[in-house]
Amino acid sequence: MSTAIKVENLYRRFGSLTAVDGVSFEVEQGKVVGFVGANGAGKTTTMRILATLDYPSAGKASIMGTNVVNYPGRVRSALGWMPDSFGTYDHMTVAEYLDFFGRALGFRGQDRYNRVREVMEFTDLDKLAERLINKLSKGMGQRLCLGRALIHDPAVLILDEPAAGLDPKARVELKHLIRILADEGKTILISSHILSELGEMCDTLLFINSGRIVHHGSAESLMDAGEASTSYRIHLASEPGKLSDWAAMSPHCEFIEATKRGGRIKIDSTDSGVIAGVLKRMVTEGLEVTEFHREERKLEDAFIDLLGKLEADEAEEAAASMEASAAVAGPAAEHAKANESEQ
Ligand code: ATP
């Protein structure tokens with residue numbers, strides 16, 4: 001499969017601030033990738049460079065094989081961009097707005113008319129065609145912005161926080177539209193703060209922290225990363241109190257808490273053989289297990305753990321380099337002292 005988005009060692013500096021700090025990643029054609037990071041992590045800056053709205057300080061980026069700096073016009077025809085906030089013209093209706101962008105993108109006559117109708121139908125705006133833009137709700141406005149990004153049927157979509165400020169129903173509707181576009185084979189890079197939603201919608205997640213990519217993989221791989229133990233919820237058909245005594249005597253198991261029908265235990269391994277062995281022993285040693293359910297870590301927890309681990313690694317590295325400089329400075333200082341006393 002070929003690459004739709006390619007970012008190589010990208011930097012964007014604003015004075016002394018490095019907003020994008022050596023970012024590299026690739027997105028294959030037809031994939032949906034979630035772009036995740038805290039406020040100020042560098043998502044919008046990276047996306048704006050991809051959308052040809054800003055220049056990188058260093059590094060390269062391309063959309064469908066075309067360099068975003070060298071050929072912005074070509075990139076724009078392959079790309080639909082949905083910014084986190086978009087300017088509208090209050091005196092225009094929905095249909096006029098889309099028609100205006102259709103015209104700007106080079107569509108003429110019947111072709112433009114058809115394209116605008118198709119987009120309004122897809123985004124469910126056809127009933128609102130004559131409504132003034134300043135009379136649209138937030139959700140309708142977001143659908144209009146998505147419609148604008150789709151007018152020229154681009155192969156790649158870059159959506160910056162499309163679900164921000166939407167109520168749950170509007171979020172579900174937008175998610176549905178994005179899923180349809182993905183099924184049509186579009187490549188989609190989408191940023192959001194709502195991790196659980198992205199986890200469901202995306203093939204992979206790209207995590208950025210302080211301008212650097214810290215993880216690129218499936219939601220599952222992030223949730224499993226660095227996890228040395230897993231919690232399980234156990235239900236027993238009878239004598240739920242037996243679970244704690246059993247866990248106290250069993251290797252790999254730690255009893256966490258009792259519940260009405262059994263309890264929760266922690267298994268100190270993620271190896272499927274060890275886990276299967278625990279369940280087998282439970283049954284052969286007389287526990288009447290009716291449910292053995294792995295408790296999923298939330299994506300948010302996994303992300304926060306990942307950030308914590310990175311901070312700890314950085315602190316360790318800083319301590320090690322201080323130790324190393326002290327080791328170098330030590331003999332030099334002693335030498336200087338010796339020289340002083342000789343004089
Ligand atoms: P959010 O989730 O809040 O939208 P983000 O991950 O999109 O955050 P960016 O908007 O890319 O973050 O900002 C990254 C950093 O770059 C921030 O510290 C921001 O203040 C800074 N920054 C962005 N644009 C500019 C600019 N034009 N001039 C100076 N600093 C900027």
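This is a predicted model: local features need pLDDT of at least 70, side-chain atom pairs count only at pLDDT 80 or more; totals for chains, interfaces and linings use all residues.

Modeller: Around the ligand sit Phe14, Leu17, Ala19, Gly37, Asn39, Gly40, Ala41, Gly42, Lys43, Thr44 and Thr45.

Colleague: Which elements give two or more residues to that shell?

Modeller: Strand E2 (17–28) and helix H1 (43–50) do.

Colleague: And which gives the most?

Modeller: H1, with three residues.

Colleague: How do the shell residues divide into nonpolar, polar and charged?

Modeller: Six are polar, four are nonpolar and one is charged.

Colleague: New topic. Is strand E8 enclosed or exposed?

Modeller: Enclosed, largely. Five of the five residues in E8 (residues 187–191) are buried, so the rest of the structure largely encloses this strand.

Colleague: Which residues lie on each side of E8?

Modeller: Thr187, Leu189 and Ser191 are on one side, with Ile188 and Ile190 on the other. These residues are all buried, so both faces are covered.

Colleague: Why two sets like that?

Modeller: Because side chains in a regular strand alternate between the two faces of the sheet.

Colleague: Which strands pair with E8?

Modeller: Strand E3 (residues 32–36) is joined to E8 by four bridges, and the two run parallel. There, Val33 stands opposite Leu189. Strand E7 (residues 156–160) also pairs with E8 in the parallel sense, over five bridges. In that pair, Leu159 is opposite Ile190.

Colleague: How does the chain cross from E7 to E8?

Modeller: Through helix H6 (residues 168–183), in a right-handed β-α-β crossover.

Methods
Residues are numbered from 1 along each chain as its sequence is written. A residue is near a molecule or strand if its C-beta atom, placed from the backbone, lies within 6 Å of it. Ala, Val, Leu, Ile, Met, Phe, Trp, Tyr, Cys and Pro count as nonpolar, Asp, Glu, Lys and Arg as charged, and the others, Gly among them, as polar. A residue is buried if 20 or more other C-beta atoms lie within 10 Å of its own, exposed if 12 or fewer, and partly exposed in between; C-beta atoms are placed from the backbone. Two strands pair if DSSP finds at least two bridges between them. A crossover is right-handed if, with the strands pointing away from the viewer, the path from the first strand over the helix to the second runs clockwise.
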